[in-house]
Amino acid sequence: MFKPCNGPGPGQEIRPGAGEGLGQGQRDIPRFVLGCEDDEQDMGQMEAGMKNEMYREEDMEDDEDESPPERQIVVGICAMMKKSKSKPMTQILERLCKFDYINVVIFPEEVILEEPVEKWPLCDCLISFHSKGFPLDKAVEYAKLRNPLLINDLNMQYFIQDRREVYRILQEEGIDLPRYAVLKRDPDNPEECNLVEAEDHVEVNGEVFPKPFVEKPVCAEDHNVYIYYPTSAGGGSQRLFRKIGSRSSVYSPESSVRKTGSYIYEEFMPTDGTDVKVYTVGPDYAHAEARKSPALDGKVERDSEGKEIRYPVMLTAMEKLVARKVCLAFKQTVCGFDLLRANGHSFVCDVNGFSFVKNSMKYYDDCAKVLGNMVMRELAPQFHIPWSIPMEAEDIPIVPTTSGTMMELRCVIAIIRHGDRTPKQKMKMEVRHPLFFELFEKYGGYKSGKLKLKKPKQLQEVLDIARLLLVELGQHNDCEIEEKKSKLEQLKTVLEMYGHFSGINRKVQLTYLRNGQPKASSEEEDSKKEGPSLLLVLKWGGELTPAGRVQAEELGRAFRCMYPGGQGDYAGFPGCGLLRLHSTYRHDLKIYASDEGRVQMTAAAFAKGLLALEGELTPILVQMVKSANMNGLLDSDSDSLTDCQQKVKARLHEIMQKGQEFTQDDYQKLAPTSSPSLVNSMKVIQNPVKTCDKVYALIQSLNSQIRKRLEDPKSADLQLYHSETLELMLQRWSKLERDFRMKNGRYDISKIPDIYDCIKYDSQHNASVGLEDTLELFRLSRALADIVIPQEYGISKAEKLDIAQAYCVPLMKKIQLDLQRTHEDEAVNKLHPLYSRGVMSPGRHVRTRLYFTSESHVHSLLSIFRYGGLLDEEKDQQWKQAMDYLSAVTELNYMTQIVIMLYEDNNKDPSSEERFHVELHFSPGVKGCEDEENVPLGFGFRPASSENQDKKPNQGSLEDLSQDQPDQALPVSEPINIQRRSPMIRNRKTGSMEVPDHNVGVSQVGRISGTIGCVSVSPFCAAGFEGCSMVPSIYPLETLHNSLSLKQVDEFLNTVCESSSEAHAKTMKGSNSGSIKYCTVVPLNKLNSPLSSSGSETSLRPPSQPLWRECLNDLLTYAVCKAASISSDT
């Protein structure tokens, strides 16, 4: 790599440079030499420390005879003026000139472009590199003529201009790069190429690339790189380009690939929104910087001087080896390339050739030192210059420490319910037509007996079948089509909604029934038929509303306040410490979401607010949110209930069908936990059948009012919230009217959540329609729902725990891993300590894991914390207050949060239980329509550090406060009043968050007593966010407990997961038929202690902690079998 180009062989004469010897005094002046045609000296440049001399070949020949004792090595800079006069180049050359025997000649641009190479200045060492407009051919010719030492090989720079050649060389060197294929098009016949484009993938030369994939022009000078997104994430493409002002990419709705030109198609690598740029100076030196990926939202983050914000990061040993290989393979001493860190591996996606770091004095020092030593090592012996090779400096092992009694925030885990959505709707029908069975077989339904169809192509096939059967029914009324016409028409109508398909708002599920439907449901009239059939379940609605997007985005902004405060460019902005933490690569963030579209879009909107991103959600969703192959971590099949859950539902229906007032016995049966929220709802209802009668009558009245509105010409075109029409609204309510009251006169209690869902939606978003009695319907349906919804997850404590484990043991195991790996796993991306000014613990990181899911997982997780035996409320007053608060919460509404925060006290012994400190916080999410008088009385956000006045000055800040004035924490004299009176209230006048006191959080490491609740929520009334004036505020976090040890929590999680595994193992062992009996009794008495190494149970739980004895009668989970295969990507 580092050789003279066609240099002289052994015994050949080496022509020394023409620089003159300088005295010691003169050597302290940087010696830039600007090559030119005439023997003129620019005195102005001389005064500025720049020597301006002319080197002619004749002068060089004269100098050969003189042979002065100390000759100068001339380093020539041959590049376009924009590059050779740039700030990084100037800074490095100034330092290079401090070498006693090195002079620098900058070739004038006019000479490079207009003069023949014979007239170019002479040099002993050449730094030359291609950029736009540079005559690379002439530089190659010059190198052949003069034989200088080449810092960067010139011939290899031709290859760097072609991405195909770059990838070929990388492959030959065994360097990991994304899976790719090259599409070569003939410019004269662009249509003749090996490209097959489908809706959600392309096939190039027989290789399939599912969306998202990347499309790069083969010419490396063309920076128009496109990323195409799948329809399930919203479709469209992100168009990257060379930075223009503050933008580096833009989102486009166009989903089709380009039809002219040759391209590389490659697999998209999910990098969590950050790219790493690596800069080598020789094979043994590499500087790496992180920057926000241009594909994320296209906005270039700039500092106060307008420079793009980048932060140096540590390279792993493997990445350092990659840097060495790239440098040697492309024969470029100074070389920049791009790394993508994805799925635990690093991939090279681009090699840029000659490239300098911007705005890093440390890099300028290092680069000049490395280059100067290289030049001297190669040329000093040939010039007889006395020079000793300095010893290579080893990497200094820096061990970051904290001082005082600081506690560091190490991990934040949050489980969050999705945001506001449109009402979910569902239609079931039994189908037997051969076309449905063919479709079932085509997509592999027989493997598991179930099939979920969400892709546009699949939904189109279902629609085609429905249309075909309806045509046949219209032509022959006596034909043998068993599917009901009304159901087929509804299937067709729903699939034709919106005029296009998106997997985010509709899906069809097919389940194989060996002997047909076992029992006719309230919707089915036909008698049971023999033979196999398919149960078709059509689900639609349930989309995240614009209000839901705003809720998620604003909560993401508020969530920043949980993290250490920022400095520098972020100073004075509340919550921006998180942004600095993230951009400096000390924030290990991963966001997970279930496969529901509303959940994924909530996660993307939250990430947008959390990381201050801009633009569309689709690019954020694709790059930041993980939702595939999670083995049931956040998804649950609501149609496949456990035996225990089915029994609970049956008992619930039985109690709610009584045509009399609730008796004391009913209170005992329905609310054995004596939850105040349940008891209050039962008091409102009194007689469940009479209340259902009232609800049914109100629904009938509502439908009658909507029909009258439809007949009124003035309101025929009335547009409701989120583009709904009166016809669609009538369809919703008419279906509920039909389904709620069954043919036998009894009520279908399972429809109560749907009724409450619809009236809550219309009360909030469609109040302008002016329908009467909606508030009464809301009040009654809410009272019914406050009983039915939580009690479907178990009536007794034992049932609640049983059902909860069936839903979320995989998630509990993952949370346990997250907490453990925070203090065990050091193989994480880190900030480079040598560059970390103002950062006290550059080697440390904060791990954030965000899990977005549906109501079932939030209910289940809360049940495990409440009834799993974490603490004894009789002995722990704080836990008793927390349990009383949770019992008073009536609803786990949209954006409900369960937050676990882990801190480390570095002053405690590593083996001490006090070393790691865990806090548990909770928010019931969005405020309801009539919540003002029903606000549960909590005790506010009470992190332990704010209560412990001995721990000063700074509870866990990661920032070096010796250089910056620390912000002051908010006073914490009345946490209850601060919190309860300060929910997240919208501010209509400002688009940014407002905090009562800007001195937030640096000294609290996110322990922002009273601040999360004080964050004002802006409605973001921008284009595309219609109806934002109805965005409700979100309850602030309440602290459930602030003095748990990590050991306590770990043992608790271990106990829950192990007990569930044992129950599952015993269930499987006792099942001869292969079917799982879900309510198996497992005699586990005292599970406070973990199992011993032999697997036997250790000491039993004291009798004073009776929860497990009561709760663990029926333990099991069908999900445990999946838990063992939880993704290792933690």
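Strand 29 (residues 897-905) and strand 30 (residues 916-923) are paired over eight bridges in the antiparallel sense. Within this pairing, Glu-904 has Phe-916 in strand 30 as its bridge partner. Helices (H or I, at least four residues) and strands (E, at least two) are DSSP runs, numbered from the N terminus, and two strands pair if DSSP finds at least two bridges between them. The model is predicted: local features need pLDDT of at least 70, side-chain atom pairs count only at pLDDT 80 or more, and totals for chains, interfaces and linings use all residues. Residues are numbered from 1 along each chain as its sequence is written, and side-chain values use heavy atoms, with hydrogens and water left out.

Seven strands make up an open sheet with mixed pairing, in the order 27-26-28-21-29-30-31. Strand 27 (625-626) and strand 31 (1038-1045) are at the edges with a single partner strand each, so one side of each has no neighbour in the sheet. Helix 16 (residues 546-559) packs on the sheet and touches strand 21 (407-417), strand 28 (846-853) and strand 29; the direction of helix 16 makes about 165° with that of strand 21. Helix 29 (residues 877-888) lies across strand 30 and strand 31, at about 150° to strand 31. Contact means heavy atoms within 4.5 Å; axes are lines fitted to C-alpha atoms, for helices over the stretch in contact, and angles run from 0 to 180 degrees between N-to-C directions.

Eight bridges join strand 22 to strand 25 (residues 533-541) in the antiparallel sense. Lys-424 stands opposite Gly-541 in strand 25.

## Helix packing

Helix 23 (residues 688-711) packs against helix 24 (residues 726-740) at an angle of about 150°, and their axes are 10 Å apart. Helix 23 is therefore roughly antiparallel to helix 24; angles under 35 degrees count as roughly parallel, over 145 as roughly antiparallel, 65 to 115 as roughly perpendicular and the rest as oblique. The residues of this contact divide into twelve nonpolar, three polar and four charged. Here Ala, Val, Leu, Ile, Met, Phe, Trp, Tyr, Cys and Pro count as nonpolar, Asp, Glu, Lys and Arg as charged, and the others, Gly among them, as polar.

The axes of helix 22 (residues 676-685) and helix 26 (residues 774-791) come within 9 Å and cross at roughly 135°. Helix 22 is therefore oblique to helix 26. Leu-678, Ser-681, Met-682, Val-684 and Ile-685 in helix 22 meet residues of helix 26, including Arg-779, Ala-783 and Asp-786.

## Salt bridges and backbone features

The whole structure contains 41 salt bridges, each defined by a side-chain nitrogen of Lys or Arg within 4 Å of a carboxyl oxygen of Asp or Glu. One of them links Arg-168 with Glu-172, whose closest N and O atoms are 2.8 Å apart. Both residues lie in helix 9 (residues 163-172), four residues apart, about one turn of the helix.

Most residues other than glycine have a negative phi, and most peptide bonds are trans. Lys-211 and Pro-212 are joined by a cis peptide bond, with omega about 5°; Pro-212 lies in the loop between strand 10 (207-210) and strand 11 (213-217). Asn-359 has a positive phi, near 60°, and is found in the loop between strand 20 (345-353) and helix 11 (361-379).
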